[in-house]
Amino acid sequence: STPLAAAVTGEPQRLANPALVLTLAIGQSTVATRRVIANLYYRDVALARQLHLGETLTTTVTPLAAEWTRSGTERAKVLLGMNVASDRGDTVATFQRMALLPVAEPARLVERAAPPAAADPSLASFAAIAPGWDASRHPSMPLRSGESWVDPLRDTASSARELVRLSINLAAAHRDAAAGIRGRRLAYGGHTVALAQASLSRTMPGLLTVLAWRSCDHVGPVFEDDLLETSTHVDAVHALGDGRLLVDTTVEVRALRSEEPELVLRWRAVLLVAGEETP
């Protein structure tokens with residue numbers, strides 16, 4: 001909504017969805033992982049600022065660590081560092097992703113231990129990257145730590161190949177079943193995250209934006225046309241005192257392929273919400 005964006009942010013341009021920003025950054029990063037077998041997790045994802053439509057992104061990929069899997073020297077886990085810059089010249093996002101890759105020349109791979117994950121900062125510290133928006137112009141909601149819900153609207157991972165192409169994602173596992181898992185095309189992990197964020201938008205009317213991902217673990221594969229169910233737990237709430245809340249959440253997505261739902265995503269997102277904390 002252009003009028004709502006202007007009223008809340010004070011700027012005339014519409015905001016870019018943070019899921020879109022990170023989907024494009026991850027797609028750009030596949031220049032280093034086009035033969036990826038799977039992406040295992042993301043960590044320390046932070047948006048230094050919120051972006052607007054029309055900005056141009058450049059993503060720089062730096063290999064940080066590598067280790068063999070237990071299966072031998074055919075596959076390795078490679079930790080990659082991402083730095084995402086805008087055409088204004090500023091860094092707008094940083095994060096790390098762990099990719100599972102085939103190794104064509106084992107003698108050339110040098111094992112290097114992954115750096116330790118950054119300690120989880122306090123929820124209050126995310127106020128430093130929270131934009132100073134006017135939350136009084138946005139729908140609000142009461143929220144308390146410890147509450148949970150299941151989104152009654154399940155959703156299907158559709159248009160998977162189209163999203164891969166639109167996000168410049170080069171990974172063959174998302175395009176060719178022979179390069180996927182279990183003989184099936186693997187849905188892009190950012191697709192699952194975007195559906196999880198869409199669930200937050202439906203079930204949290206006060207959601208202003210996503211500020212960061214503490215972690216994001218792809219604990220199981222998602223395939224095209226999987227039916228997905230999303231649940232959300234509020235881990236912590238910190239009131240900023242001006243009608244805005246910082247909210248720690250754990251969002252889980254399950255694929256409903258059989259009688260026993262399979263957990264495929266555990267996403268710990270830090271949100272900015274218009275609302276009041278309730279006891």
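Is Y42 buried or exposed, and what is its relative accessibility? At 2% relative accessibility, Y42 counts as buried, where buried means under 20% relative accessible area, exposed over 50% and partly exposed in between (1.4 Å probe, protein chains only). The model is predicted, so local features need pLDDT of at least 70 and side-chain atom pairs count only at pLDDT 80 or more, while totals for chains, interfaces and linings use all residues. Residues are numbered from 1 along each chain as its sequence is written, and side-chain values use heavy atoms, with hydrogens and water left out.

Aromatic rings come next. Rings of Phe, Tyr and Trp (its six-membered ring) pair if their centres lie within 6.5 Å, with planes under 30 degrees apart called stacked, over 60 edge-to-face and the rest tilted. Three aromatic pairs are found by this rule. The ring centres of Y42 and W213 are 5.7 Å apart and the planes stand at 85 degrees, so this pair is edge-to-face. Y42 belongs to strand β1 (residues 38-47) and W213 to strand β8 (residues 207-217), so the pair ties together parts 171 residues apart in sequence; strands are DSSP runs (E, at least two residues), numbered from the N terminus. W213 also forms an edge-to-face pair with W267, at 5.9 Å centre to centre and 85 degrees between the planes. Ring pairs link Y42, F95, W213 and W267 into a cluster.

Strand β10 (residues 244-255) has eleven of its twelve residues buried. Eleven bridges join β10 to the antiparallel strand β9 (residues 227-239), given that two strands pair if DSSP finds at least two bridges between them.

Methods
Helix = DSSP H or I, 4+ residues; strand = E, 2+ residues; numbered from the N terminus.
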